[in-house]
Amino acid sequence: MKKKEGFFEAFSNWATAAAGSSAAFIIAVAIVVVWAVTGPLFHYSETWQLVINTGTTIVTFLMVFLIQKSQNKDSKAIHLKLNELLASHEGSSNRLVDSENLTEKELDRLHHFYAQLSTLAEEDNDLTRTHSIDAAEENHYRKSGRRQLKTK
């Protein structure tokens with residue numbers, strides 16, 4: 001299913017791999033050492049300091065975008081894998097598929113439901129019980145003989 005990458009995608013993948021390598025770290029350390037050793041030669045001038053400051057600023061600026069792109073891609077791949085697991089498992093709730101696109105308020109509401117589920121699971125004291133919010137609440141109230149309270 002591998003498709004042809006565009007230039008930027010291929011460059012980004014290469015740059016991410018290169019920047020995270022041992023060789024990149026060694027090169028960075030070597031540059032700093034060479035810069036430090038040349039200090040006396042340039043009498044620790046402002047220009048000498050400006051060279052390292054400018055270089056590190058530019059590299060940092062570019063790396064922020066490269067790291068963000070890499071994290072976005074990894075995050076998307078992880079979400080797709082989790083969505084596949086949720087969608088393929090008969091006992092799981094499909095409500096969470098694509099949950100990364102929910103609003104903060106919707107995520108907080110889901111968090112509240114899962115906190116309730118955790119409380120119910122502690123009361124059941126059985127790790128083999130269902131992990132569906134609706135089924136867990138229904139099972140809990142049926143077993144306890146209490147009336148179910150609608151919180152939705």
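Which residues is Asn-83 in contact with, leaving aside its neighbours within four places in sequence? I shall return to that question after a few words on the model.

What I am presenting is a predicted model, in which local features need pLDDT of at least 70 and side-chain atom pairs count only at pLDDT 80 or more, while totals for chains, interfaces and linings use all residues. Residues are numbered from 1 along each chain as its sequence is written, and side-chain values use heavy atoms, with hydrogens and water left out.

Let me begin with confidence, expressed as pLDDT, the predictor's confidence in each residue on a scale from 0 to 100. The chain has a mean pLDDT of 84, and 82% of its residues reach 70 or more. Helix 2 has the highest confidence, at 96, whereas helix 5, residues 133–144, has the lowest, at a mean of 66. Where pLDDT is low, the predicted coordinates should not be read in detail.

Next, the overall architecture. The chain contains 5 helices and 0 strands, and from the N terminus on its elements run α-α-α-α-α. Here helices (H or I, at least four residues) and strands (E, at least two) are DSSP runs, numbered from the N terminus. Of the 152 residues in the chain, 14% are buried; buried means under 20% relative accessible area, exposed over 50%, and partly exposed in between, with a 1.4 Å probe and protein chains only. The accessible surface comes to about 12400 Å², and carbon and sulfur atoms hold 64% of that surface. These areas come from the Shrake-Rupley method with a 1.4 Å probe; for residues, only the protein chains shown count as cover.

I now come back to Asn-83, which is placed in helix 3. Asn-83 counts as buried because its relative accessibility is 12%. Its contacts, with that sequence neighbourhood left aside, are Leu-96, Val-97, Asp-98 and Glu-100, where contact means heavy atoms within 4.5 Å.

Glu-100 itself sits in the loop between helix 3 and helix 4 (104–124). With a relative accessible area of 32%, Glu-100 is partly exposed. Not counting residues up to four places away in sequence, Glu-100 touches His-79 and Asn-83. His-79 is 21 residues from Glu-100 along the chain, and their C-alpha atoms are separated by 7.7 Å. For the chain as a whole, among contacts with a separation of 6 or more, 25% are between residues 24 or more positions apart.

His-43, in the loop between helix 2 and helix 3, has a positive phi of about 55° although it is not a glycine. Tyr-44 lies in the loop between helix 2 and helix 3, and its phi is also positive, near 50°.

Finally, the largest pocket, whose volume is about 680 Å³. Among its 22 lining residues, the closest to its centre are Ala-19, Ala-24, Ala-28, Val-59 and Met-63. A pocket is an open set of points on a 1 Å grid over the protein atoms alone, where a 1.4 Å probe fits, with protein on both sides within 12 Å along at least five of seven lines; lining residues have an atom within 4 Å of a point. Grid points are joined across faces, edges and corners, and the volume is the space filled by probe spheres set on the points.

Helix 1 (7–19), helix 2 (22–37) and helix 3 (46–88) each supply at least two lining residues, and helix 3 gives the most, with 10. By class, the lining has 18 nonpolar, 4 polar and no charged residues. Ala, Val, Leu, Ile, Met, Phe, Trp, Tyr, Cys and Pro count as nonpolar, Asp, Glu, Lys and Arg as charged, and the others, Gly among them, as polar.
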